[in-house]
Amino acid sequence: MRALTLHLKILITILLVLGVSITAYQIFVIGIPVTEDATDDLWNIDAKVEFVANAKDPVKIQMFVPPLNRDYVSLNESFISNNYGVSVNRVDGNRKVTWSARRVSGKQTLYYRLVLTKRYSGDKTKVKGPVFRDSIAVDGPEKIAAEALLAPIRQHSADVETFISETIKRVNNLNDDNVKLLLAGDPSTPHKAQIIELLLSIAHVPMERVHTIRLVADQPQNPELWLRSFNGNDWLYFNPESGEQGLPSDRLLWWIGDEPLVTMDGGKKANVTFSLNNSEMNAIRLAKLTDENTDANFLEYSLYGLPLQTQQTFMIMVMIPIGVLVILVLRNLIGLQTLGTFTPVLIALAFRETQLEFGIILFTVITALGLMLRSYLEHLKLQMLPRLSVVLTFVVILIAAISLFSHKLGLERGLSVALFPMVILTMTIERLSITWEERGGGHAMKVAIGTLFAATLAYLVMSVPELVYFVFTFPAVLLILVAFMLAMGRYRGYRLTELVRFKAFLKADS
Amino acid sequence: MFGFWKTWKALEAKGIMGINRRNADYVLKYNKRSLYPIVDDKIITKERAIAAGIDVPELYGVISTEKEIEKLDDIIGGRSDFVIKPAQGAGGDGILVIADRFEDRFRTVSGKIISHEEIEHQISSILTGLYSLGGHRDRALIEYRVTPDQIFKSISYEGVPDIRIIVLMGYPVMAMLRLPTRQSGGKANLHQGAIGVGVDLATGLTLRGTWLNSIISKHPDTTNAVDGVQLPNWDGFMKLAAGCYELCGLGYIGVDMVLDQDKGPLILELNARPGLNIQIANNCGLTLRTHAVEAHLAELAEKGIQETPEERVRFTQELFGHIHQQ
């Protein structure tokens, strides 16, 4: 016995030392951050190009893609197109992708996908731009209208910036007769931009069209037109509709100039739709992606070396021991009674899918209904396997019904149920009903509440983001956990509930 | 928090054993997993007991397949009272106690008249594992029906009171009389509401009792005092319990026995994880006693002596017996 204890002590010490030193090495020597402080927004932009190819002609389709020179870093860019040749080239500060194919026909779909994140570098590169331009020639009534508009603009402005915003304001005043004449009944944004350009050119102020995409998730959108002008130091951006100055930070510059987004030969009905979604990524993974060829080697043999999908699975997996630890403490130190040993952990995992409140309600409702069915089946005296199968099928039907109901009621939450592990629910019902019969309803209730409580606590602990990050980044922590569990394996002290249970002794004395 | 610590210290001083200690220091240490089937299956327990010459309710027969149900009549013979039990049942489920015959039917203890077919159906249910814990196939045993000694008439409500003795390596360390109540439905399980009454190891005199974790001295249904009752043939119980170590090889067990009015002390079943409420019934912690036994064992091991059941009983009776109650 003593040899065994010594053996255990040595084992615990080895595990502790190993766990602590590996973690310390990671923190102090490699310098991995202890908390996941900087998470960055990661944007996933899909541009879907659809068109109908002519049957005979070779197809060539060109589309602008973001030049990505200043505020954004591209993490990944892909052109998804079967049978098409792809080439990307830079023209006048723009980037253009050219897809070409000799013989295609019918409806065609091409994808351009870009994953990017904001750049947080402080140093700004010097920019250059034109400060003078020739006037666009106009005559007749348009010339008079333009002059008439320019006179008050000149009066109300002090520099290029105010001049441009004043011009935009004037052009947007649709009640002005001069504006009416110039717009000629077409008050669309591109047309307004054209008039603004005309007016500015007369004053020799250069102007460029800028087409932007808003970084907003899950909203269909079209490129938004902005105007910009160079004031000698920097580009000034203007909204052609409102005259508002300065590009909002969520705008991504897609292309510059007057050309349309897509030009094509050998096809028709070209149409581009954008879809965006964003995700968060912690600093470590971002560092690995952005500096692929720098010394991010230290991450090569951590869990961050795994593919992204697998990483997410592991993030859940490494938390399971933590959940088990919670159950261990609740059962052996506190003395809480739960159904089975790991059932609460499994339920906690199920809560991940349903969220907590909804999960608890769902668990309670389904278990209560399942227990009713189970007590009815009891009268039929069925064997175990058929009985379990009936309960499981009933649970599936219940879940389907709940999903349908909540969907009809517009509660999308209900749909998450579909993945709520049915087998866990079935086993819970079965065990609970056995407990009910053997030890009475009160005890079954106590056990059920204990299980739910343990599951909730395990879920809460398992979903602390700091903890998830810590365990995932420093998996050696699990060794420390094992050491603690080993020590618990020989814990002989009282459970908290036993102190209450045996109170009768102390009363007898006093 | 401070209150809890004080309670902790007080309980420790009294030697109260907690579940963690029972599991770590006794159940895991003394009970080999491979020997569990001996106590989990009542038929194996009984066969072992008979082989060791230990008294058990007489086994009339075993039915292990549906085909064998036909033999039921041969097994019963002319007997008018008997008990049908699942071999691996728990908590007293699935037990059918036949008290009498009525015309060509049977009458249960509660007075219900049932037909031969109903008995066969019950056996069939037992065989399919309806009452066994894991739900796997089981066997049915048909055995002698115990008639509790008249001494228990005044302090029990229906059912059969039984005597539980905790035995460590063959040394009986603590004893308790379990009395069914109305609440426990005639069953003698404490968590179902039966009363546990401590018993002095030396004399067989009952001490005060525990009911649902609190200390009592009267039976809640009959209101008769449960303490100060002299259990007959006490040394017989002690020897029976002590002999169970040789029978099953498990070092830490609870031995459940009954006192039949004709046959005396009989062993009903063994339990490899005996509960801890026996401590409340005896108003005494188990740890002090088990430590004393373990010290004695270590001493004997040094000298290379092995004690017989009689010697072991005498040892614990001298050490733990003759409790003076306030």
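Tutor: Begin with burial: a residue is buried if 20 or more other C-beta atoms lie within 10 Å of its own, exposed if 12 or fewer, and partly exposed in between, with C-beta atoms placed from the backbone. This is a predicted model, in which local features need pLDDT of at least 70 and side-chain atom pairs count only at pLDDT 80 or more, while totals for chains, interfaces and linings use all residues. Residues are numbered from 1 along each chain as its sequence is written, and chains are lettered from A and ligands numbered from 1 in the order in which they are written.

Student: What percentage of the residues of chain B count as buried?

Tutor: Chain B has 326 residues, and 42% of them count as buried.

Student: Why is A:Ile449 called partly exposed?

Tutor: Because A:Ile449 has 14 other C-beta atoms within 10 Å. A:Ile449 sits in helix α12 (residues 422-462) of chain A; helices (H or I, at least four residues) and strands (E, at least two) are DSSP runs, numbered from the N terminus.

Student: How many residues of chain A are in contact with chain B?

Tutor: Two residues are in contact if their C-beta atoms, placed from the backbone, lie within 7 Å. Here 21 residues of chain A contact 26 residues of chain B. On the chain A side, two or more residues each come from α12, α15 (496-501) and α16 (503-509).

Student: Which elements do the buried residues of α2(B) pack against?

Tutor: They pack against α8 (320-334) and α15 of chain A, and against β12 (252-260) and α9 (286-303) of chain B. Among these buried residues of helix α2 (residues 19-30) are B:Ile19 and B:Tyr26.
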